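I wrote down each point as I looked it up.

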Amino acid sequence: MTNSSGIEQSAGRVEATGERIVRASADTRASASRQADIDLDLVDARHGSENRTWQWLAIAVVAGVLIWLLAPVLTPFVIAMFFGYLGDPLVDWLETRRMSRTFAVFVVFFVMTSLLALVVFLLVPLLGQQIGHFVDQMPAYAAWFKDTALPWISLHAHFDLSPYFDPNHMAQMLREHWAQAGGIAAILLGGLSKSGLFVITLMVNVVLVPVLSFYFLRDWDVMVAKVRDLLPRPIEPTIARLAVRSDEMLGGFLRGQLLVMVCLAIIYTFGLRLIGIDLAMLIGLIAGLVSFVPYLGVMTGLLISIIAALVQFGDGAHVLMVLAMFAGVQMLEAFLLTPILVGDRIGMHPVGVIFAIMAGGELFGFLGVLLALPVSAIAMVLLRYAHERYTGSRMYAGAEPDIERSRLIVASDHAHPAPVAEIDPPIDPASPA
C-alpha cells in the first residue's frame, strides 16, 4: 500500500512538473511574440517618422514655389494679414470691455486707418522737405568736410583722405540727381506714367488692402481655430506650443520693439528741434529706425547730429546739448521705454532680422520683405526646439537620454495656453508590452 502511494505521488509530481514546463514554454512563446510585435512597432514607427519628414519637406517646397509664382497676387493679402495680426490683440482687449467684436473691429480699423493716412499725407511730405533741405545744404557740408574734417583726420590719424574723397563732387552729384528726380513725390510716383497696368494694380491694392484688413481683424480668431483644427492630432500639441512661442517672439518685436523705435524717433526729432537742428526730423527718423540694433541707433544719430550741429552752428555749446540730449534719451529707453513696451519677452536677434529682410527681398521681392519677420521668428523657434530635443536625446547624452531635462523643458511650457505633450522616455525593446 505504501509503495502504491509513493508511486502515485511520484506520478503527480512528474505531471505537475510537466504542466509547469508547458506553461513556461507557453510564456516563452508569448514573450517572444510580444517582443516581435514591439520590434515591428518600432520599425513601423521609424518608417512612419521618415515618411512624415519627407511629406513635410515636400509641402514646404511646394509652398515656396507657389509663393514665388504668386508673389504679386499675395502681396495685398500679406499686408492685410499683417494689419490683422497687429490689431487683433487690441480687438480682443476691447471685447473684454463688453464691446461686440464687430464694433471693436470698427474702432481699431478706424484708428489704424487714421494713423496710416497721417503718415502718408503728413509725414511723407515733411520728410521730402527735410531731404530737399539737406540737398540744398550739401555745399556747406562739403565745405566743412574739406576745410575742417579732412585736415583734422590728417593731423591726428596721419592719413590724408583728400586724394580719395572729394566732398564737392559728391554734393554736386546729389543735387543734380535730386533736381532731376523732382523731389520725393516724383520718385514715388515717377513710374505711374510708364505702365498703365502698374497704375491699375496699385489702385486695386489701395482699395483691396483696407477691405481685407477689416475681414482679417473680424475673423482672426476664427481662422486661427480653423487652422488648428486641421492639424494632425498626434502633432497638434507640439505645433500649437511652437506657434505660441513664435507669436511671443514676433509679437515681442512688432508690438514691442517697433513701438520703442517709433517713440525714439519722435523723442529724437523733438529734442533736436529744441536744440535748433534744421534736419531734426530726418536725423530722428534714421536714429529711431535703426535703434532695433543695440547702440547702433544712438551712435548713428549722435554722429550725424554732431556733424549737423558743427556745420550749422560751428560751436561746442550745441555739440554739448546734442550729447546731453542723446544721453538722456538713452537712459529713458533703458529704464522706461524698453521695460514697459518690451519687458522680458524674448525678441528677435538684430542680426537675424537684418539677414531675414535682405534674404526675403532677394528671393521674393517686396513680398519676401513682408514675410521675412514671421518666417525668421518661426525658424528661430524651430531651431531652439531642435536644440532642446537634441540636448535631451541619446545622441547627445550617450547611452541614456536626459529624460529629466526633457521633462523639465516641456513642463516649462505649461505657462502657455497651448496644450503640452510630455516627452516620454524611449521604449525599451526588452520590456514587456
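Before I looked for kinks, I noted how a bend is defined: the bend at a residue is the angle between two axes, one fitted to the seven residues ending there and the other to the seven starting there. I also kept in mind that this is a predicted model.

Entry on α2. I looked up the kink first, and I found one of about 40° at Gly87, shortly before the proline Pro89. I then checked the span: α2 has 26 residues, 71-96, and at 1.5 Å a residue these should span 38 Å, which agrees with the 37 Å between its end C-alpha atoms. Gly87 is also among the buried residues of α2, and I listed Gly84, Tyr85, Asp88 and Val91 as others among them.

Entry on Arg98. I noted that α2 is followed by Arg98, which has a positive phi, near 65°, and that Arg98 lies in the loop between α2 and α3 (101-136). I marked this because most residues other than glycine have a negative phi. Arg98 is not a glycine, and yet its phi is positive. Is Arg98 buried or exposed? Its relative accessible area is 85%, so I recorded Arg98 as exposed, the cut-off for that being over 50%.

Entry on α8. I repeated the span check on the 40 residues of α8, 236-275, which should span 58 Å at 1.5 Å a residue; the end C-alpha atoms are 57 Å apart, which agrees. I found a kink here as well, of about 30° and centred on Gly251. Lastly, I noted that α8 is followed by Gly276, whose phi is positive, near 110°.

How values were computed
Residues numbered from 1 in each chain as written. Predicted model: local features only at pLDDT ≥ 70, side-chain atom pairs only at ≥ 80, totals over all residues. Heavy atoms only, no water. Helix = DSSP H or I, 4+ residues; strand = E, 2+ residues; numbered from the N terminus. Expected span 1.5 Å × (residues − 1). Buried < 20%, exposed > 50% of the residue type's maximum accessible area, 1.4 Å probe, protein only.
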